[in-house]
Amino acid sequence: MYGNDFSPPEDGPGGGLLGEVEAAEAALREAAARARRGGPTPDEDLEAYFADVIDADQKIEPRDWMPEAYRKTLIRQIAQHAHSEIIGMQPEGNWISRAPSLKRKAILLAKVQDEAGHGLYLYAAAETLGVSRDELVELLLNGRQKYSSIFNYPTLTWADVGAIGWLVDGAAIVNQVPLCRCSYGPYARAMIRVCKEESFHQRQGYEILYTLSHGTPAQKAMAQDAIDRWWYPSLAMFGPPDAESPHSAQSMAWKIKRFSNDELRQRFVDMCVQQAEVLGLTLPDPDLRWNDERQSYDYTQPDYDELMQVIKGNGPCNRQRMEHRRRAHDEGAWVREAAAAYAAKRAEKKEKVAA
Amino acid sequence: MSGPSPLWEVFVRARRGLSHTHVGSLHAPDAELALRNARDLYTRRQEGVSIWVVPASAITASSPDEKDAFFDPAADKVYRHPTFYEVPDGVAHL
């Protein structure tokens, strides 16, 4: 299964999105096992060599030649992905101390720890492109790089933690599963790791909502309210419609992206409808209905003006999220300095002993 | 301000009998913290029983540009593989 022949979820080996991740992992190993051509010959055009490797569905690795624009777009995309994982710890972290049971609290802690881990895998992948993590963090703190718009929405109730797991992590997986086949090796490998863990997040979120929707009427209402608030922001996570997505065409040609924003959004909607039915909750879209001709659901598009506003920094929590991150960074400076000083002192001692 | 903390490459051995496999990298001020962070980052789901951390600066890699020339000597020594040798019919345990 290569390139764009993306099968519907139930066709994956092992089934579902996880099955697709496994298939991508197998494809990665297969591509690695196929005889790989070496570097370009001295008289070969580098662009043509690069196009050859991409065409053959092989992976570009850190030391391979790549067009500067490919490197730049990957740095931008991977860094912003990493930032999203880090900022994304905040809305959920907001409920750690208030989780309704010890079990839920332990799960939420594990999940937020995973998000930190995802951030680190992704920063490490970005660093293989020749930037340092410190530079990227600096760009985030200066507001020159973005993170996912979704984390600028507040978590107002416990049910929001469930809605984030089901809808936000669900949308993230739909977006990331094709990235497991991305042409840049380190990114593809990071995505395989991330998707496997993300799948735990999505399921735990779904379980929270299922428990609430089968609990008291007040709990069910709380779950419905959370879905009502998170549905459209989750749809907006796939980015602007294809016609207005500036990087898409090039990214698809380079096989960084495998599907357009609108294709992935449609796929997400089609998955969610049945999952909402099992929850016994409704998606807040009066125009949502099956289209027999397209074999997909028709649905109302999210408000892209709102998306642009949030991306520009004017969402409900943008300022709070950035302020929190900057404060943690600034107030942690002395701890980082202490760790560096201690490491230097120990290294010095070791040298003396060795001498 | 302290400089950026160094980069470490992480190798994990999944089980006894298997070899250490490169799983990723991370930043840490010293080896001990690198080891602890690697434990938290790469073995949260019992992925391994042994971890190595190596400063990235200590690793020297072969260059993909010279790949063919560098590995060429392997190609003309087919006699290094056991399958190069013919075994007469009827020989057991060879």
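Which residues does Asp285(A) touch, not counting residues up to four places away in sequence? In this predicted model, the answer is Trp231(A), Tyr232(A), Tyr299(A) and Thr300(A), where contact means heavy atoms within 4.5 Å.

A word on the ground rules. Residues are numbered from 1 along each chain as its sequence is written, and chains are lettered from A and ligands numbered from 1 in the order in which they are written. Because the model is predicted, local features need pLDDT of at least 70 and side-chain atom pairs count only at pLDDT 80 or more, while totals for chains, interfaces and linings use all residues; side-chain values use heavy atoms, with hydrogens and water left out.

**A buried charge without a partner**

Back to Asp285(A), which sits in the loop between helix 11 and strand 1 (289–291) of chain A. Helices (H or I, at least four residues) and strands (E, at least two) are DSSP runs, numbered from the N terminus. Asp285(A) is buried yet has no salt bridge, and the nearest side chain of opposite charge, Arg289(A), is 7.5 Å away. Here buried means under 20% relative accessible area, exposed over 50%, and partly exposed in between (1.4 Å probe, protein chains only). A salt bridge is a side-chain nitrogen of Lys or Arg within 4 Å of a carboxyl oxygen of Asp or Glu. For charge, Lys and Arg count as positive and Asp and Glu as negative, with His and the chain ends not counted.

**Charges that do pair up**

Over all chains, the structure holds 19 salt bridges. Here are three of them:

| Glu207(A) | Arg104(A) | 2.7 Å |

Glu20(A) lies in helix 1 (residues 16–33) of chain A and Arg267(A) in helix 11 (residues 261–279), so the pair ties together parts that are 247 residues apart in sequence. Both ends are tucked away: Glu20(A) is buried at 2% relative accessibility, and Arg267(A) is buried at 13%.

Next comes the salt bridge from Glu207(A) to Arg104(A). Glu207(A) is in helix 8 of chain A and Arg104(A) in helix 5 (residues 102–127), so this pair joins parts 103 residues apart in sequence. Glu207(A) counts as partly exposed at 36% relative accessibility, whereas Arg104(A) is buried at 13%.

Glu197(A) is buried, with 6% relative accessibility, while Arg45(B) is partly exposed at 37%. Both belong to a network of salt bridges that links Asp114(A), Glu197(A), Arg44(B) and Arg45(B).

Gln202(A) is found in helix 8 (residues 185–213) of chain A and is buried, with a relative accessible area of 11%. Leaving aside its neighbours within four places in sequence, Gln202(A) is in contact with several residues, including Trp166(A), Asp169(A), Ile173(A), Met271(A) and Gln275(A).

Glu244(A), in the loop between helix 9 (217–236) and helix 10 (248–253) of chain A, counts as exposed at 54% relative accessibility.
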